[in-house]
Amino acid sequence: MNKNWIKTNTFHHSAFKDISRLVAEKQRKEVTISLCFPTLNEEKTIAKEIVIMKSELMTRYPLLDEIVVIDSGSTDETRNIARSYDVNVYEANSILPHLQKFKGKGENLWKALHVTHGDIIIYIDADIKNIHHRFAYGLLGPLLFTDRIRFSKAFYDRPISVGDNKWRPTGGGRVTELVTRPLFSLFMPDLTQVLQPLSGEYAGYRSVFESIPFQIGYGVETGMLMDIHEKWGLDVMAQVDLDRRVHRNQDTKALGRMAFVIIKTFLSRIEKQQRITLRQDLFDEMIQYGLLCNQFRPYIRPLEYYERPPMKEIAEYREKFMLT
Amino acid sequence: MDTYLDALPMFVDKIQEIREIIISNIVLLGQIPAPTFHEKRRAEYLVARLAEFQVDECAIDDYGNPMGVIRGTSPTKPPIFIVAHLDTYSEVKVDQHYEVTDKIISGIGVSDNSAAVGVLVSLPEIFKRLNLQLASDIVLVAPVLCLGRGNLKGIRRLLSHWPSPIQGAICLESIELGRLNYYSYGMIRSEISCSIAVEDHGRRRHEPNTILVINEVINAILGLRLPQKPRTQIVIGRVAGGFNHGKIAYDANIGFEIRSDSYDMVKTLYADIRDIVDGINKAFGVELNLNRISNMNATRLNHNHSLIKCASRILKRLEVKIFSEPSQSILSIFLNRKIPAVTLGLTRGDNFHQDDAMIEIEPMYKGIAQIPALLMAMDKGMCNE
């Protein structure tokens, strides 16, 4: 296990707060940058996220070249509100419409690759209540200031030790600590150094994102980490402390469904990597129980597992970006 | 002559072009709690923000007032102040999360006075976009300790220590667009508290109930004769007391304000209330105390002062209905020092002082456009008498 990674590739957003330096570095590298918000019914938070990013990183400093919203079919005012702030808003189903349609965050992220233009793409969840532009510039820092780092991922709440013998929790959520971290510990201990592998904020070069498959739902972050690790190794990755993140909490049942998809993504990946052999097919339904009229009733939710291929294998994409 | 009026439509358009910067400033500042006496974090952030916007001199004075100076072209012209009070009525001390839509911004304190503070911080960028170059220095200040027990101490202190003459001031309040304040009542704001010492609880046969004692005080105040002229009013605006339904109340208090066109009348009535309190104190044998929280002299700019005329013309050109009411705020501190000043409202809003307070975004562009227009007029000496 490469134990040094956490020391060499962990940053704090404050190291990159001089935005004019980031802009200078961006210009020196001659790269363009896109910011993508995947949404589903985020009318309470989307405007604030767009406004702050646009104000601080587009109007005041030319760090971002575009902001796009990829929506999964919100039934509230998300799309109208986003459009009112003059950003490009797409319904996921309208992008590459001839392909089979899926609904999920991973689907939105994958399709964002087709409609954005940037050499670097930042993905930020749209439900963050304490949004601040550090969420974007913090992730960009390692990508712009080094040549080796191609992908950066957020973590929160200062999880590093605060004294000689005092440790604070990593700030990872319940699914991270109960599912992802044990799986990584069992099979890929290098990746345990990624403190919050399920965080929804990350940035990377297009050349990375277009070369890996995207799981359409909750498994997108796990699959992405495993694929980047497998393809390029740990050294191309960085993690950035973005301090605090406030978002809405999910109930245990919803987290159970998330865990189901993550475990399935994980098993599918390590089987593909020939680390294990599964002797049966995995089921597609998450079964949870509730008490109704004094009887235990199953609540069965089909959670189809589907993965989009690397975007660079899609003909329209190859044509648009002139890939040979 | 009327350049400042002709420029208004362009001002509104240009301000709208940078709406994201203005909204961001309102949100980023407003989310930092700033109850009176706890404004430090917001003050520090404000100064840092002014520095980011390349304001020439940014500092927090020894009283905690954050400010920035935009240097004018004349080294001799007295400065013009633009002021928005930094503190909020809300006692909440944890970070807030404002909500923004395409039409509104909502959250604790946004309408009093976080939106105005956010606009104040945005002014350097707005002036830059409008190519506004003035001869006078512009002093942007968000004074602390303005509300309630703060008693406007921040601005009082700042002005008493300011080393040079001041040309005039524009005070900003988040709402209501069309507001044009240029005079203030004389005012004393006070509290009467009634309590029974812990060691006396349950010792007397006929134990006094502090709520009933306070009720006696209220009745006595209501019995005071108030003159028609000078116009005078006593507002009992707050009452609290007791523990639960079945227990005699050991603590109760009221908050009230005496307002009048004449400060002498305010002082006379305050003395009458002191007599009432002393009398009831003796009759019931309780701890009944009268505490003055804040006071203010009655003061005004003449209604035909050229500053008022300019501000009125601007609002008319913007097709905004004007309304003038007395104001007990920062304005009166400037007027007391014979510094011409007005208070302007920036937008419309609702749920004032509630957790879901909100302001409208669209009217704000006109509200902000008043500021550079009035500054141009003041800078050219059009507001001097």
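Biologist: What pLDDT does chain A average?
Modeller: pLDDT is the predictor's confidence in each residue, from 0 to 100. Chain A averages 92, and 95% of the residues score at least 70. This is a predicted model, where local features need pLDDT of at least 70 and side-chain atom pairs count only at pLDDT 80 or more, while totals for chains, interfaces and linings use all residues. Residues are numbered from 1 along each chain as its sequence is written, with chains lettered from A and ligands numbered from 1 in the order in which they are written.

Biologist: Over which residues of chain A does pLDDT stay under 50?
Modeller: Where pLDDT is low, the predicted coordinates should not be read in detail. In chain A that applies to residues 158-165, with pLDDT under 50. The model has ten contacts beyond four places in sequence for them; a contact means C-beta atoms, placed from the backbone, within 7 Å.

Biologist: How many residues of chain A are in contact with chain B?
Modeller: 18 residues of chain A meet 13 residues of chain B. On the chain A side, H3 (46-59) and H4 (78-84) each supply at least two residues, and H3(A) gives the largest share, eight residues. Helices (H or I, at least four residues) and strands (E, at least two) are DSSP runs, numbered from the N terminus.

Biologist: And chain B: how many helices and strands are there?
Modeller: Eleven helices and 17 strands. The radius of gyration, taken over C-alpha atoms, is compared with a globule rule of 2.2 Å times the number of residues to the power 0.38. Chain B has 23 Å, close to the 21 Å the rule gives for 385 residues, so it is as compact as a globular protein of that length.

Biologist: How much of helix H11 of chain B is buried?
Modeller: Buried means 20 or more other C-beta atoms within 10 Å of a residue's own; exposed means 12 or fewer, and partly exposed is in between, with C-beta atoms placed from the backbone. In H11 (residues 362-379) of chain B, 17 of 18 residues are buried. Across chain B, buried residues make up 48% of the 385. After H11(B) comes B:Gly381, with a positive phi near 80 degrees.

Biologist: What is the strand order in the open sheet of four strands in chain B?
Modeller: Strands pair if DSSP finds at least two bridges between them. Here the order is S4-S5-S17-S16 (chain B), with antiparallel pairing. The edge strands of chain B are S4 (99-100) and S16 (349-350), each pairing on one side only.

Methods
Two residues are in contact if their C-beta atoms, placed from the backbone, lie within 7 Å.
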